[in-house]
Amino acid sequence: MKDAFGAPQSLLVLGGTSEIALATARRLIALRTRTVRLAGRPGPALDAAAAELRARGADVRTVDFDALDAESHETALGKVFAEGDIDMVLLAFGIAGDQGRDEEEPLAAVRVAQTNYTGAVSAGLVCAGALQAQGHGSLVVLSSVAGERARRADFIYGSSKAGLDAFTQGLGDALHGTGVHVMVVRPGVVRPEPARETVPAAPVMSPAPARGGAALLASARITAARSASARFVSAPLEAPSLTTTPDAVAEAIVTGLRRRSETVWVPGSLRAVMSALRHVPRPLFRRLPI
């Protein structure tokens, strides 16, 4: 069960080598989380992650888990829940893929979709069922701002995160009132170190041709809208104030758990930025240099 401060005493991480997941585990261990299970593909990275958390005083074990092997999820994860109640599940696995390659190699694109969406649906439902059976617990799912609107630069990854985000919201609604708390986390670009203060360059616009007053006014409005929209688009990718770090995401997750939030943006300012981007007309959005 969670302690008086809302911190879980037991944690299951799906994607046990994720930097965000490990940063979250460190914070939770500092708040008295004592049991941690790291689920992932066996290997030196998973073993090293377990050793680090074990050195911080937690009881840590690794669990063989492959997001792409959905048929094994119920058995592998069921064994973890059979050992005792789990207060929090953090679904943190996923791959970014390579947009250029994935467009030319459909099977590579399918791998992104199967990992980020299909694998998450399978594992998420298994864990949700187990949490519901025990009558309590939190399921925290790492989504991404990339899922808010598909961009030309990463629509394969973005579409997989959009599906995951919608699935998580629906699952949260389905579990409302059962004692299970579902939270979706939408980080911006995650950097290992804080980004240096830089100002994104304004897009270079072509001068409008000499036309009548109404045409010039319309052209000016389009130019202004394109400039503003380009700032919205590039900001999550470049502006230091809108990027984040694993530690910042971990802090937001812990705060969200305490508040029992359903949606967490990291940083919080991305909520307004993505809301503006989401409403840019598609013909204009298509012309943006993104």
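Let's start with two helices: H1 (residues 19-30) packs against H2 (residues 44-55) at an angle of about 20 degrees, and their axes are 10 Å apart. That makes H1 roughly parallel to H2, since angles under 35 degrees count that way. Keep in mind that this is a predicted model. Its mean pLDDT is 84, with 80% of the residues at 70 or more. The stretch to treat separately is residues 193-237, where pLDDT is below 50; beyond near neighbours in sequence, that stretch has 45 contacts in the model.

**H1 and its two helix partners**

- H1 goes past H2 in a right-handed crossing. On the H1 side, the contact uses Leu22, Ala25, Arg26 and Ile29, while H2 brings in Ala49, Glu52 and Leu53.
- Sorted by class, the H1 and H2 contact has 5 nonpolar residues, 2 charged ones and no polar ones.
- H1 also meets helix H8 (residues 246-259): their axes come within 8 Å and cross at roughly 55 degrees. H1 and H8 are therefore oblique to each other.
- The crossing of H1 past H8 is right-handed too. From H1, the contact takes in Glu19, Ile20, Ala23, Thr24, Arg27 and Leu28; the H8 residues include Pro246, Val249, Ile253 and Leu257.
- The make-up of the H1 and H8 contact is 9 nonpolar, 1 polar and 4 charged residues.
- In the loop between H1 and strand S2 (35-40) sits Arg32. Arg32 isn't a glycine, yet its phi is positive, at about 85 degrees.

**The sheet**

- Seven strands line up as an open sheet in the order S3-S2-S1-S4-S5-S6-S7, and the pairing is parallel.
- The edges belong to S3 (59-64) and S7 (263-266); each has a single partner strand, so one side of each has no neighbour in the sheet.
- On average, and ignoring direction, neighbouring strands here are turned by 15 degrees against each other.
- S5 (residues 137-142) and S6 (residues 180-187) run parallel and are joined by 6 bridges.

- H5 (residues 106-134) lies across S1 (10-14), S4 (88-91), S5 and S6, and runs at about 165 degrees to S5.

**H5 and H3**

- H5 has a helix partner as well: the axes of H3 (residues 73-82) and H5 come within 10 Å and cross at roughly 35 degrees. H3 passes H5 in a right-handed crossing.
- His73, Glu74, Leu77 and Phe81 are the H3 residues in this contact. Across from them, H5 supplies Gly119, Ser122, Ala123, Val126, Cys127, Ala130, Leu131 and Gln134.
- By class, the contact of H3 with H5 comes out at 7 nonpolar, 4 polar and 1 charged.

**A cis peptide bond**

- Going from Val266 to Pro267, the peptide bond is cis, with omega near -5 degrees.
- Look for Pro267 in the loop between S7 and helix H9 (270-278).

How values were computed:
Residues are numbered from 1 along each chain as its sequence is written. This is a predicted model: local features need pLDDT of at least 70, side-chain atom pairs count only at pLDDT 80 or more; totals for chains, interfaces and linings use all residues. Side-chain values use heavy atoms; hydrogens and water are left out. Axes are lines fitted to C-alpha atoms, for helices over the stretch in contact, and angles run from 0 to 180 degrees between N-to-C directions. Helices (H or I, at least four residues) and strands (E, at least two) are DSSP runs, numbered from the N terminus. Angles under 35 degrees count as roughly parallel, over 145 as roughly antiparallel, 65 to 115 as roughly perpendicular and the rest as oblique. A crossing is left-handed if the near helix is turned anticlockwise from the far one by less than a right angle, and right-handed if clockwise. Contact means heavy atoms within 4.5 Å. Ala, Val, Leu, Ile, Met, Phe, Trp, Tyr, Cys and Pro count as nonpolar, Asp, Glu, Lys and Arg as charged, and the others, Gly among them, as polar. Two strands pair if DSSP finds at least two bridges between them. pLDDT is the predictor's confidence in each residue, from 0 to 100.
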